[in-house]
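Hi,

Here is the structure I promised to pass on. My notes follow below it.

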Amino acid sequence: MRKAKPKKRIILPDPKYNDVMVTKFVNNLMMGGKKTIAYKIFYDAIDVVSDRTKEDGLEVWKKALANVTQIPTEIRAERKQSIGMKNLIGFSRKRSEKTMALKLAAEIQAAYKEEGAAFKRKEDIHRMADANKAFSHFRA
């Protein structure tokens, strides 16, 4: 490498839960620089999840995120988390509920129960990694 590595950006915690991981998730959820709208969608989704499950919505979200986080050891921890967040958001956008908050809430609940599209994607990646493990000795 010729250039110096770029500095790590400091991400401030979110205003409601005071959690940096929430801010990272909202940054992935945000479209067109509309961060306030992204926060509103996230907080509404967490409220819906806590109403439906009768548990702490943030804890359900963290467990759901852990369930869709990629495990193969070759990936860095931050990268695993980032892929998990992007899968959760991407598959929630494809759902057929009315609002984005309801879509996100439904996908969080599905991931929490270890089902849904984001969890299935993780399982597929694991299956692919296991299938390709047999050919890893061919690397040049």
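Burial first: 37% of the 140 residues in the protein chain count as buried. Keep in mind that this is a predicted model.

The protein chain has 6 helices and 0 strands. From the N terminus, the order reads α-α-α-α-α-α. The C-alpha trace spans about 50 × 40 × 25 Å along its principal axes.

Next, contacts. Take those in the protein chain with a separation of 6 or more: 57% of them come from residues 24 or more positions apart.

The protein chain carries 31 positive and 17 negative charges. Their mean positions lie 10 Å apart.

One helix I looked at in detail is α3, residues 57–68. Its 12 residues reach 17 Å from first C-alpha to last, close to the 16 Å expected at 1.5 Å a residue.

Which residues of α3 are buried? They are G57, L58, V60, W61, A64, L65, N67 and V68. An α-helix has 3.6 residues a turn, so residues three or four places apart point the same way.

What covers the buried residues of α3? The cover includes α1 (20–29) and α2 (35–53). It also includes α4 (77–93), α5 (100–112) and α6 (117–133).

Over to you.

Best wishes

Note on methods
Residues are numbered from 1 along each chain as its sequence is written. This is a predicted model: local features need pLDDT of at least 70, side-chain atom pairs count only at pLDDT 80 or more; totals for chains, interfaces and linings use all residues. Side-chain values use heavy atoms; hydrogens and water are left out. Helices (H or I, at least four residues) and strands (E, at least two) are DSSP runs, numbered from the N terminus. Buried means under 20% relative accessible area, exposed over 50%, partly exposed in between (1.4 Å probe, protein chains only). Contact means heavy atoms within 4.5 Å. Lys and Arg count as positive and Asp and Glu as negative; His and the chain ends are not counted. The place of a charge is taken as NZ of Lys, CZ of Arg, CG of Asp or CD of Glu. The expected span of a helix is 1.5 Å times one less than its number of residues.
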